[in-house]
Amino acid sequence: MSRPALLRAQGLSCRFGGLLAVDGLDFSLAPGELAGLIGPNGAGKTTCFNLFTGRVRPIAGRIDFDQRPIAGLRPSRINQMGLARTFQNIRLFDDLSVLENVLVGFHGRLKASFLSAILRLPGYAAEEERMFTRAAELLDLVGLARLSDERADSLAYGQQRLLEIARALATQPRLLLLDEPAAGMNPQETAQLASLVRRLRNEMGLTILLIEHDMRFVMNLCERLTVLDQGRIIAQGAPAQVQQNPAVIRAYLGEEAGRA
Amino acid sequence: MDGAQLAQQLINGLTLGSLYGLIAIGYTLVYGILRLINFAHGDVLMVGCYMAWFGAVQFGLPWWAALMGSMLLTALLGVLIDQGAYRPLRRAPRISALITAIGVSFFLENLGLVVFGGRPKAFLRPEVFNQIYQWGSVRVLSLSLWTPIITALILAGLLVVIYRTRLGMAMRALSRDLVTVRLMGIDTNRVVAATFAIGSALAAAGGVLWAMKYPQINPLMGVLPGLKAFVAAVLGGIGNVVGAMIGGLLLGLAEILLVAWLPQLAGYRDALAFVLLIGILLFKPTGIMGEELPE
Amino acid sequence: MSRGWLTAGPLPAAHTTRRRDQRLTILACLAAAGGLWLLQAFASGYVVHMTCVAALFAVLAVSYNLINGVTGQFSLEPNAFVACGAYVTALLTLSPAEKAASFILEPIIWPLSMISIPLLPALLIAGLLTALMGFLMGFPVFRVRGDYLAIVTLGFGEVIRVVANNTQSITNGPLGLKGIPHLTDLWWSGGLLALTLFVIVRLVNSSYGRALKAVREDEVAAEAMGINAFWHKMLAFTTSAFFEGVAGGLLAHLITTISPSLFTFFLTFNLLIIIVVGGLGSNTGAFLAALLFTYGGEWLRVVEEPLNLFGLHIPGIPGMRMVIFSLILVAVMIFMRQGLLGRREFSWRWLLAFFDRRRA
């Protein structure tokens, strides 16, 4: 790797109830990568996201973002350092409008104090103006501009997922973690999502890691796949390789058999 | 403080603690299943006392009949409150149920004020509880000895119900996972109603014993004991019946000992419960015996 | 449900709308000021008193709504903050002679025994001290959530009351303070109300307000989007505390006698009914409900007075008002949980559209 890893986890472990949800994970992401994290249900993928974003504390190991340690930091602090995410079970601000949801994303980087906001001092007014402009651009980017004033919970499922992405982008991240962004989308929406993700990486220079169950989506989009099973990495590499990996097939078949 | 005085205070603390424990059980049972702090619990206690008072003073019933009657009627009241005010909000956000509970509490208090007036009424203290035993310099009211005994009996009976009956099993299942149990076709409403009935009856018992101790009643008598009993339930681990009793005993002892050892702080005894609450929520939110972490 | 308000015709450009709104608001303030002047000059002492109470309760309601409704942190602490503000202000403005007369059990401590300052600085100090109290309380309080937050804040309220009852040499214990100068008039109350509305409405409509609402809607998501939930809750809490404290100070100078028994949970409960009926989360709702309850409550006194109806003498039932209030609360929670306004707010556009439709 020519440049140092943007995200690096070493020996990362965490516990849920009695078992180790994530067990001694060693994982890294280079800047500009478009990678995927896959694995059967319960493998610990979302737990990884929770660990990276600070929602869950590890019991062992370390995480470095941009070569700075982030384990144990507050999620809001980690986000302000440049790490944003979307959620598997959509977590929008239901009572706020689509536009307001995105505007909230800008608040973390607001420099004006609350006094300045109350008095509408020029510094705050200028920042707010920029927020609104940028929010409109983001909504345009994901194709939700015409729904700006609608309540967030009135959107269709696929649109809600796009709104989550727009909101995450508002926090000006360098690394974007997408948790099952294509879930519940029809093929057309999935294709649009794929091209959006590519644009985010190519035009906005974002590093992207996504969790997905839709294999086709992931195979066509990701440059590198990491496969998780029971909290451990069982395979890593280009999609074509990983697809053939017998351990991976066994893990997924095991899931199939369990379901039968 | 010498041994005799310590013994005196310990007995007092035990008595007070048993009362807190009895009341705390009602809170913990309801919270365990519904995740609701039944603000009205302390006021249900008050109603129970007034019912006992009516029975004994107005109808001249013997004390045990008044107690039984009041426990029965109070159980009914508890069920009524649940079915009327809390049940419509089972699927609503928890804050709504909490606000409603506060409303019911307020309603009972003010209704009491309107019906009975603000002035305290004298309560009965039957002869059997009115004996004074004396060992050396230790003077003990027989009530103070009977209270923990009665409480222990009630607790034993309750544990039998919870661990040896189908109703108890249902209650335990519900406190683990209300939604799933409902989906399994068990009539959760009846179990919840039974829970309220039991909790309220216990509150009435605790209230009557309390009223015998002090011995007067007024419409606001349930507020502070109710709150403190809730603190006791949290101390012992919310959702855990034995924990509620232990929490109650600890709180009762702490209060009595505070007054005994630091009489200049006696005026602050009511604040003790809340200081303990804040402490426990900060350092060990699961309480002494509990495993459930709130929200 | 679309969030856009109904209007007849196309929407004007944003900045002309804002200028129009500003002009209308200034006009409304001038009209209100004029109304206050008229009342102060010509209305009876009773009406003036009631309007002061209404204005102060509106301040309390809007402040309480900020932490409960907007930020979604269900707390039961206003009585503590009001008590703090009331006592601090009174202790600062009471003359040394009055203090010596009141503190019969134990003399008041120095330097309070000597201090006597005008109302405005006293209010400011009281507000800031109450805000500080809120700030310090926030550290333990916001480590818990939901029901536990409610109980802990209730507990703090009780602790404050017990402390007030016991610190004889500062608060005069259960005897309380009397002879507080009757300085509160419509200008003070109206002025505080205007300031409170200005600050809180501006706050809620700013990015900070959106952040507070985000914390309410989904704290986990808000944190993930870079919002430090703890500090934002603190912001709402201390702002609430400040205004509740100042309102407490003005209340003390309206009723001229205060004691710990005045600041029990009953006060918090009344405020709770007000903001729930008005609509948890709506400033307009809190404001309107406060007025409704103050005036309506007075009107309801009729059920507490004996009345002669068609020759029947119905004896008054004192205390019945509170019974009715609590029933209203339970009824609202069961049948109309969102209250009168839900989370909607007043806007000039709404009012103009309302009249537009009437004319059409």
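In this predicted model, Lys228(B) is buried, because its relative accessible area is 5%, and the limit for a buried residue is under 20%. Lys228(B) lies in helix H9 of chain B, which covers residues 223-236. A polar contact of 2.8 Å joins the side chain of Lys228(B) to the side chain of Asp270(B).

In chain A, six strands form an open sheet with mixed pairing, and their order is S6-S7-S8-S3-S9-S10. Strand S6 (83-85) and strand S10 (232-237) of chain A are the edge strands, each of them pairing on one side only. From one strand to the next, the twist averages 20 degrees.

Within this sheet, strand S3 (residues 34-38) of chain A pairs with strand S8 (residues 207-211) of chain A in the parallel sense, over four bridges. Gly36(A) stands opposite Leu210(A), a residue of S8(A).

Two helices of chain A that pack on the sheet are H1 and H7. Helix H1 (residues 45-52) of chain A touches S3, S6, strand S7 (175-179), S8 and strand S9 (224-229) of chain A. The direction of helix H1 of chain A makes about 140 degrees with that of S8(A). Helix H7 (residues 187-204) of chain A touches S3, S7 and S8 of chain A. For helix H7 of chain A, the angle between its direction and that of S8(A) is about 150 degrees.

Definitions and conventions. Residues are numbered from 1 along each chain as its sequence is written. Chains are lettered from A and ligands numbered from 1 in the order in which they are written. This is a predicted model: local features need pLDDT of at least 70, side-chain atom pairs count only at pLDDT 80 or more; totals for chains, interfaces and linings use all residues. Side-chain values use heavy atoms; hydrogens and water are left out. Buried means under 20% relative accessible area, exposed over 50%, partly exposed in between (1.4 Å probe, protein chains only). A polar contact is a pair of N or O atoms within 3.5 Å; within protein, one must be able to donate a hydrogen and the other to accept it, and residues adjacent in sequence count only if both atoms are side-chain atoms. Two strands pair if DSSP finds at least two bridges between them. Axes are lines fitted to C-alpha atoms, for helices over the stretch in contact, and angles run from 0 to 180 degrees between N-to-C directions. Contact means heavy atoms within 4.5 Å.
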